[in-house]
Amino acid sequence: MQRIVYFSTICVLLCLNALVIADPLPSYTITTTSISQTMGSAMGGGTYTYGSYVSISATAEHGYKFYCWQDRNTNNPRTVLVESDSSFIAYFEYDTFLIQTNTSNADYGSATGAGKYQYLDYATLQATPHRGYHFMQWSDGDIQNPRRLQVTDNMTYTACFARNSYLVDAQSANITYGVVAAGGGLFLFGDTATLIAQPAQHYHFIRWSDGCTDAIHKIAVDTNITLIAYFAPNGYTITAQSANESYGSVSGSGVYDLGQQALLTANANTGYHFVQWSDNVTSSPRSVLVTSDSTIIAYFAINRYNITALSNNAARGFVYGTGSYEHNRTVILTASPSSGYHFSHWSDGNTTNPRQFLASQSLTLTAIFEVDRYAVVGTPSIDSMGTITGSGEYSHGSTATLTAHANEGHIFVKWSNGETANPYRFVVTEPVTLQAIFDTLTHV
């Protein structure tokens, strides 16, 4: 029993001695720094026991964002194993921000400059008003345009526009004759100004300075404008009219003062022309001295056009259809080739024949004729007895020559049309196919 107690005491002493002798685990320093304190900071540094795991992190300042650690690791936060003194540097980069632009009313104008920008870059905003509008300010109260600003955050800028104001100045050319009763003043772009010309007793309104002849003149305001109302003593009525309104129209009718000149114009419709007035005057426009009420009639007539159809070679073909045609009358041109020739096309490239169209102008068209070409084919009646030369394509009227060449032991006899000439020459007027008849030589 004493031995057992003694042995246990020795074991305990040995274990205590081993604990005193074993070295404790070492500690190491983890250092975290930022490449730029302006851009951001790094956290998690300190002294840690060997083998432990430490979480380090990088926090970017406004306008920047974490890029990576110096060892290219992009985890943030990241966990590192403590094995030695280590230094971790956090790298940052410029953040990007979205600049948006819009308008208070898309009908009034547009705004440009929107996009993605790096922190502290400069964006240029441009507000462009549409016609009749002007830029007032941006939504933050700034009135610069174009506007250059430094980007520090996501922002939206609204361009505010407003309608332009314009002055409508309405006056009377002679206040004794009449006045402008209403209509002048300031108007916004797109508004309608209603001007009223009011003649004095024994006078009448003639026109406004912009040519309008309505005493109540409505105008869409889009600029500053001065309009003058013209009045005159009551006068005479000049009636100008067309003898046939489907042929043309006449302008210039109206009420004129005694001694005033009325300008009459005859306007022919398409396909017609002015001939004369009912008083035999042939000029248009014309001035008429006003001495009384009068009616003047304009006479028009339908246009006629000379259509000339020619052949590029009279020997090759003829063309029909030449003549004088009224406007919109149907013209039919026919190209008729001579024997041995064919119609190719008209001088304007058209290949239709007969060709039909409506007369709308005088013109000359030439029919292009070309000579016919025919195939001339010569063959042996029996291939083993001989060959033929001279086959090919020939123009009408040219001379073809076919020659029969007998092989050894054979002799040419005649052509399939009975001709015995060899070579055989003939004028080509159509496609020709001939066989050469050969025979076997008989040796005595």
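In which strand does Phe92 lie? Select Phe92 in this predicted model: the residue lies in strand β7. With a relative accessible area of 8%, Phe92 is buried, because that value falls under the 20% limit. Now display its surroundings. Leaving aside neighbours within four places in sequence, Phe92 is in contact with Ser34, Ile35, Met39, Gly40, Ser41, Ala58, Thr59, Ala60, Lys65, Phe66 and Tyr67.

**The nonpolar cores**

Next, select Ile56, Trp69, Ala90, Trp138, Val151 and Ala159. These residues have the most contacts inside the largest nonpolar core, which has 29 residues. At least two residues of this core come from each of β4 (53-60), β5 (64-69), β7 (86-94), β8 (96-103), β11 (122-129), β12 (133-138) and β14 (155-163). Another core, of 17 residues, lies apart from it; Val376, Ala404, Val428 and Leu434 are among its members.

Return to Trp69 and show its contacts. Beyond four places in sequence, Trp69 touches Ala42, Ile56, Ser57, Ala58, Asn75, Asn76, Arg78, Phe88, Ile89, Ala90 and Tyr91.

**A buried arginine**

Move to Arg147, in strand β13 (residues 147-150). Is Arg147 buried or exposed? Its relative accessible area is 8%, so Arg147 is buried, the limit being 20%. Show the side chains of Arg147 and Asp140: a polar contact of 2.6 Å joins them. Not counting residues up to four places away in sequence, Arg147 also touches Ala123, Thr124, Leu125, Trp138, Asp142 and Tyr157.

**Paired strands**

Switch to a cartoon view and select strands β16 (residues 178-182) and β18 (residues 192-199). They run antiparallel and are joined by four bridges; Gly178 has Pro199 in β18 as its bridge partner. On β18, turn to the pairing with strand β20 (residues 216-220), which is antiparallel over five bridges. Here Leu195 is partnered by His217 in β20.

Now select β23, β25 and β27, which in that order form an open sheet of three strands with antiparallel pairing. From one strand to the next, the twist averages 25°. Strand β25 (residues 261-268) pairs with β27 over four antiparallel bridges, and Val288 in β27 is the bridge partner of Ala262.

**Backbone details in the loops**

Select Asn76 and Pro77, which are joined by a cis peptide bond with omega of about 0°. Pro77 lies in the loop between β5 and β6 (78-81). Then select Asn422 and Pro423, where a cis peptide bond has omega of about 5°; Pro423 is in the loop between β40 (410-415) and β41 (424-427).

Finish with two positive phi values. Leu120, in the loop between β10 (115-118) and β11, has phi near 75°, although the residue is not glycine. Asn280, in the loop between β26 (272-277) and β27, also has phi near 75° and is likewise a residue other than glycine. Leu120 counts as partly exposed at 30% relative accessibility, whereas Asn280, at 57%, counts as exposed.

Note on methods. Residues numbered from 1 in each chain as written. Predicted model: local features only at pLDDT ≥ 70, side-chain atom pairs only at ≥ 80, totals over all residues. Heavy atoms only, no water. Buried < 20%, exposed > 50% of the residue type's maximum accessible area, 1.4 Å probe, protein only. Polar contact = N/O pair within 3.5 Å; in protein donor to acceptor, adjacent residues only side chain to side chain. Contact = heavy atoms within 4.5 Å. Core = buried A, V, L, I, M, F, W, Y, C linked by side-chain atoms within 4.5 Å. Pairing = 2+ DSSP bridges. Axes fitted to C-alpha atoms, helices over the stretch in contact; angles between N-to-C directions.
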